[in-house]
Amino acid sequence: MCYAALGTDTGGSIRLPASYCGVTGFKPSYGLISRYGVVSFADSLDCVGVIAKTTKRVRTVAEVIMVPDARDPASASHALRSNASSHSPRLSAAHLNGLRVGVPAEYFPSELATSVITPTRRVLSALQSLGATIVSVSLPSTPYALSAYYVIACAEASSNLARYDGVEYGLNVTVQRTRSGDTATRSYAATRTQGFGAEVRKRILLGTYALRADAFDNYFQQALRVRQLVRDDFNKTFRSPDVRFMESPPAAAPDQPDVDIIVHPTAIQPAPLIEDNAKQGLDAYVQDVLTVPASLAGLPALSIRSESSVGDRRGWPIGVTIVGQWGSDDMILRVGEMVEMSLRS
Amino acid sequence: MVLCLRSCSHGLFSTSRRCFSSVRSHQEDKRWPGWQIIIGIEVHAQIKSRRKLFSETTVPLTGNLPNTCVSPFDAAFPGTLPRLNVQCVALATRVALALNSNIQSRSTFDRKHYFYPDLPAGYQITQHYSPFAIGGRLVLPTEAAVPVRIKQIQLEQDTAKSIFDPRRRETLIDLNRAGMGLMEIVSEPDMRSPEEAALYVRSLQGLLRAVGASDGNMEQGSLRCDVNVSVNRPGLPPGTRCEIKNLNSVKFMMSALSSEIHRHIDILDSSSSVPQETRGFSEQTFETFKLRSKEDAPDYRYMPDMNLGTLHITETQIQNIRETMPELPDITRSRLQKQYSLHPRDVEILLALDAEKDIPFDGETGGPSSAGAVRYFENICQDHGQGAKEKPRDPKVVLNWIIHELVGQLSARHETFTAQRVPSSWLAELIDMVQGNIITRTSGKSLLRHILHNPSEESPKQLAHKLDLIALRTEDQVSSAGTAPPAGDMDLTAICRASISQMPAEVVAYQAGNVNVLNKIVGHVMKTTRGRANALAVKTVLQAMLDGN
């Protein structure tokens, strides 16, 4: 229908649909594409990204829009970008000799459907056949990432959605004037109750709670600590440093092999069926479990198409994600392109 | 972007809010004997920047129509993002330096959430967890030189204005003010009377204006105060404090404090305890009223603003600001006294006059409108113009001309002093003519009046000739000067001679020993010359003529 599409990805909203639909989805490093004009959901997580049929197309679009923008205060400078790419490994056009690929044990949780494991293996063998070395790595904070993500994302969303109060933005539900004079307060309540859907209301309430003075330390603050642990996990695993935080690099883990990219399934299962969707509760949140760590750490993540060859979903598309160090976007797009070519041939 | 914002600042504010200075001994106040009053003040001052704190919008000027100085960001339009105006940081840093506050190399911005129609985003961006300046002091200009400690200074956004229209029973919103830069200056509870509170606010106002950081104008709302007050028995722990919000004049602040102190004492006298409250002040009844109790206190759900990240202020930047900021009033005061040997009283008058100057935007210097009375005075004292070889002008004479003649005549015309009304080079020329006896002092005053009344391009010297104000000289002066008097002018000797001949009776009386009658003859000469003669010179000439007869 189109050459490529733009999207936003806060916790996986580009990568998951791409995985389910069998296309390529790319969430760049946080700060590489301007957010100016994007309606904020969670400012520290929101990324603009690209969806297209192939990585080649994604790269063609991304190369144009990955430029600094003074109107986005989180936009990375030219200097920071070139510093990051100077730390990225140089790739040959023909092979991936010397590229080290990490497979994190924590990304294969019990919820993981067997139908997503074989597609991941296909990608790993493609990488191996291109000359890359596959090693097992550990990202121990992964199990806590999802809860931290929901606390942070909901807290930021509760703040960002506060402007839809019926005065300038959102519905305006008028209420009867009463003697008590709290017309404004009641109007806000009525407007926001009616204007937001059930899921949005739930998240706003969760975020509002997490920011309360008596809950802040246990929820929001705690979530920020977990976020730092997630970031530290990645930094200990990647060979190149996170140039955004060069002042305070985490202590090196001697037993951890350094890698250039990390590969894991994008989702814990193929696209859910409509009839399954109706009865899900917490399951909908669990779907994000594999995509949120890269969001929390602000790292580039590319979901490429692979296929399930076993089970009742045989032939269904499944995404496999390549994650790189902050600012290594160009490198992971090139790796993705080569893997795609190799899978097709 | 640094995201772990709180961990670095944690612990800074864990000290008790009410750790008041107990070093000062209690002084009995006749108004409330046996009670000690403890006052702390939060001052919100608009930063004098041309643009708002986080947007490119030009700030509103008096006369701008409502909702005309608004960018999409100021209106919290979805999709917009903040961008810090560094001029606001520089101006606030001047204040921090002037208050000897500790400027933080890293500080952060936070969102303070509440729903109110004048807050379009539903939150205000402020510096709650990690303000850019911590500590400092302001010494009150009293004999005791009371030091008031500063707790912190933070940058934050101003809100919009809501105006209630009682006729239509509607609230109207004007977004012009939304997003303007404010500094919140928080004092420790170091003041002990409404008078000290007033002195603190006035001194702070003067300091803000002197460093060019704010207009500090309470009437126009560019400076607003929240005060907190508690009452206790001397020697016992401080009482429960109440905060009075949004006071917009020093007079109202003092009334609010007095009213609140008496209210506390009445409660304590009846053996009840004062509930912790936030209160307002009614300008009709001059009393405070309850806004909300401690239980109703809103939870602002402070959260780090993830867009703005960390504000870095380097030592080099601080040094640059220190070197380029205007002189502080205390330093100007002692410099003027020392350099020009002026009387302290005259220095105060000059400083008060200087304090009325317009504050330029963004701390800009130069430009005639930003020059105050001090610069005007020093220009006249130091700039010798054509007479560079001559001795410098007498500072006392210069100051007299500025304070008594120029400002005096301006206030008679209901005008205030500005440096460009009469250029300093003109007043200098005028003073030189008077001091050099080219015109008399009386003529000098008339000349100044003429300049104020008839603005023109002509210099005082040209005008003096044109208006026939050149002082009349005696025969001796004319011959020693070697230049002829202007055509048509008689010399002073001839005029005196004529007067004597017209007043034979007075001459007889004088020669009979009535010395006082000489003044009458002098008056006649002065009248004839319309103030162009020097009275003393006339008297000498007349005496010589009459005594010599």
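Trainee: What makes up the domain assignment of chain B?
Mentor: Domain 1 (35-297), domain 2 (326-466) and domain 3 (475-548), with bounds from an automatic or database domain assignment. This is a predicted model, where local features need pLDDT of at least 70, side-chain atom pairs count only at pLDDT 80 or more, and totals for chains, interfaces and linings use all residues. Residues are numbered from 1 along each chain as its sequence is written, and chains are lettered from A and ligands numbered from 1 in the order in which they are written.

Trainee: How do you know which residues of domain 2 of chain B are in contact with domain 3 of chain B?
Mentor: Residues are in contact if their C-beta atoms, placed from the backbone, lie within 7 Å; four residues of domain 2 of chain B are in contact with four of domain 3 of chain B.

Trainee: Why is strand S8 (residues 317-324) of chain A called largely enclosed?
Mentor: Strands are DSSP runs too (E, at least two residues). Buried needs 20 or more other C-beta atoms within 10 Å of a residue's own, C-beta atoms being placed from the backbone (exposed is 12 or fewer, partly exposed in between). Seven of the eight residues of S8(A) are buried, so the rest of the structure largely encloses S8(A).

Trainee: What makes strand S6 (residues 261-265) of chain A and S8(A) a pair?
Mentor: Pairing takes at least two DSSP bridges; S6(A) and S8(A) have five, in the antiparallel sense. Val263(A) stands opposite Ile322(A).

Methods:
Contact = placed C-beta atoms within 7 Å. Helix = DSSP H or I, 4+ residues; strand = E, 2+ residues; numbered from the N terminus.
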